[in-house]
Amino acid sequence: GPYSATFGRQPGNTAGVASRFDGVRLSRRLAEQWRLTLRGGFPVEVSDSDQVETGRYLYGISIDGEDLGGHVDAQLFALQQQADGMLDRNGIGTELRYADDRLFMAGYADYDLYFGDLNTALVSANWQIGPRTSATLFVDHRNSPILASWNAIQGQGVDRLEDLQDLYSDSEIKDLARDRTPRSTLVSLGGSQQLSDRVQLAIDISASRLSETPASGGVDAMPGTGWEFSYYPQLVVSGLFANGDVGTVGVRYFDGSLSDTWSLIVNERYPLTPRLRILPRLRVDW
C-alpha cells in the first residue's frame, strides 16, 4: 500500500539524522517515484546503548525521488532537534545520487540554519574510464561531531545541557558549542589499471586536516593537525598461490604533522577450503 510505518530503534545517517534514534518513521508514497517521510524520536548517544535516552529529541520531514530520468535518486530534508528545552540544531539539506553504466556519483549537504553553518558536504564518485581503467574521488568536509548546542557540555563537568543554562545565556552556550566543534576535511583521489589478467596497479592519494579549537569556558585550546598527506601505490595479484587467492603488496608514505612514515604492507586472501579463507597480513613501518 501507499503507507508504511516502523517503530523502535531506527537507522541513522539519512535525512540529516546523524545517529540511530528510538522513535517512529511514517512514510506515504505520493506517486510512483516519490515518497514523503515523517520521523521523530530520541537520538541514541551511545551506539550500543539498550536504553531510551530522552534528554534530546528530533523530528523531521523528507521527500525522496527514485529513479528520476532513469539515473537519479534525490532527497530533500528538514530536521529540528531539541535538548533540555533548548534548540539543539536545525538542519536542511539534500542528497543526490547518479548512476549509469560507467559513472556513479553521490553528493550530500547539510546546512544548519540555527548556527548558520555548513555541517556536512560530501562528494563521492567512481568512473569506469575504460574496460581496464577506473578512477575514484572522495571529498568529505564536515563538523566533527555535527555542530549542535549539546556540544557545549564538553569539558564543563556536566552531563546535561540544562546544567549549563544556570551558568550561561543561550547565546553563550551557542558560542561554546561552536568552540568545541572542530572541522575535518578529507580529499582522496584513487585509480586502478589492469596490467594483465592477473595483475592490477592501484594508487590512492589523500589529504586530510582537522582544524584547531579555541580556548573558552575554562576549556583549553586544541591545536589542529594541519594538512597531512598519504601516497599509497600497490600491486594486486590474483591466483598467485592458488585459484581464488588475492595478494597485495604496497608502499605507503604518510606525511603527517607529528611524523613522516614509510610503510610496507603485504596482504593475502587465501582459500583453505571453499568456505574458509585466511587473511595473513604483514606491515612494517619506519
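**Loop residues, strand pairing and pockets in a predicted model**

Asn151 touches Pro145, Ile146, Ala177, Arg180 and Thr181, residues up to four places away in sequence not being counted. The model described here is predicted. Asn151 belongs to the loop that runs between strand 9 and helix 1. With a relative accessibility of 6%, Asn151 falls under the 20% limit and therefore counts as buried. Two polar contacts involve the side chain of Asn151. In one of them, a polar atom of this side chain lies 3.1 Å from the backbone oxygen of Ile146. In the other, the side chains of Asn151 and Thr181 are joined at 2.8 Å. Along the chain, Asn151 and Leu161 are 10 residues apart, and their C-alpha atoms are separated by 8.8 Å.

Ser149 is also found in the loop between strand 9 and helix 1. The relative accessible area of Ser149 is 0%, so the residue is buried. A polar atom of the Ser149 side chain lies 2.8 Å from the backbone oxygen of Leu87. Leaving aside residues up to four places away in sequence, Ser149 touches Met86, Leu87, Asp88, Tyr114, Phe115, Leu161, Ile173 and Ala177. Of these, Ile173 and Ala177 are buried residues of helix 1.

Helix 1 comprises residues 170-179, and its buried residues are Ile173, Lys174, Leu176, Ala177 and Asp179. Strand 6 is included in what covers these buried residues. Ala177 is touched by Asn151 and by Ser149. Leu176 and Asp179, in turn, are touched by Ser216.

Ser216 is located in the loop between strand 11 (199-210) and strand 12 (228-238). Its relative accessibility is 15%, which lies under the 20% limit, so Ser216 counts as buried. The side chain of Ser216 makes a polar contact of 2.8 Å with the side chain of Asp179. A further polar contact, at 3.1 Å, links the side chains of Ser216 and Arg180. With residues up to four places away in sequence excluded, the residues touched by Ser216 are Leu176, Asp179 and Arg180. Arg180 is also touched by Asn151.

The strand pairing was examined next. Strand 1 (residues 3-10) and strand 2 (residues 21-31) run antiparallel and are joined by eight bridges. Within this pair, Phe7 stands opposite Val24 of strand 2. Strand 2 also pairs with strand 3 (residues 34-43), again in the antiparallel sense, over 10 bridges. Arg28 has Leu36 of strand 3 as its bridge partner. Two residues lie between strand 2 and strand 3, which form a hairpin.

Strand 5 and strand 6 are antiparallel and pair over 12 bridges. Gln82 is bridged to Leu87 in strand 6; the backbone oxygen of Leu87 is the atom that lies 2.8 Å from a polar atom of the Ser149 side chain. The two strands form a hairpin with two residues between them, and Asp84 in the turn has a positive phi of about 50 degrees. Strand 6 pairs in the antiparallel sense with strand 7 as well, over nine bridges. Here Thr94 stands opposite Ala109 in strand 7. The hairpin formed by strand 6 and strand 7 has three residues between the strands.

The largest pocket has a volume of about 380 Å³. Strand 4 (56-68) and strand 5 (72-83) are the elements that give two or more residues to its lining. The lining consists of 19 residues, and those nearest the centre of the pocket are Ala18, Ser19, Glu45, Arg56 and Gln81. By class, 11 of the lining residues are nonpolar, five are polar and three are charged.

The second largest pocket holds about 310 Å³ of space. Of the 18 residues that line this pocket, Asn13, Tyr108, Thr120, Leu122 and Arg142 lie nearest its centre. At least two lining residues each come from strand 6 (86-99), strand 7 (103-112), strand 8 (117-130) and strand 9 (133-143). Strand 7 gives the most, with four residues. The lining of the second largest pocket divides into seven nonpolar, seven polar and four charged residues.

Definitions and conventions:
Residues numbered from 1 in each chain as written. Predicted model: local features only at pLDDT ≥ 70, side-chain atom pairs only at ≥ 80, totals over all residues. Heavy atoms only, no water. 1 Å grid on protein atoms, 1.4 Å probe; cavity = no way out; pocket = protein on both sides within 12 Å on 5 of 7 lines; lining within 4 Å. Points joined across faces, edges and corners; volume = space filled by probe spheres on them. Nonpolar A, V, L, I, M, F, W, Y, C, P; charged D, E, K, R; others polar. Pairing = 2+ DSSP bridges. Buried < 20%, exposed > 50% of the residue type's maximum accessible area, 1.4 Å probe, protein only. Polar contact = N/O pair within 3.5 Å; in protein donor to acceptor, adjacent residues only side chain to side chain. Contact = heavy atoms within 4.5 Å.
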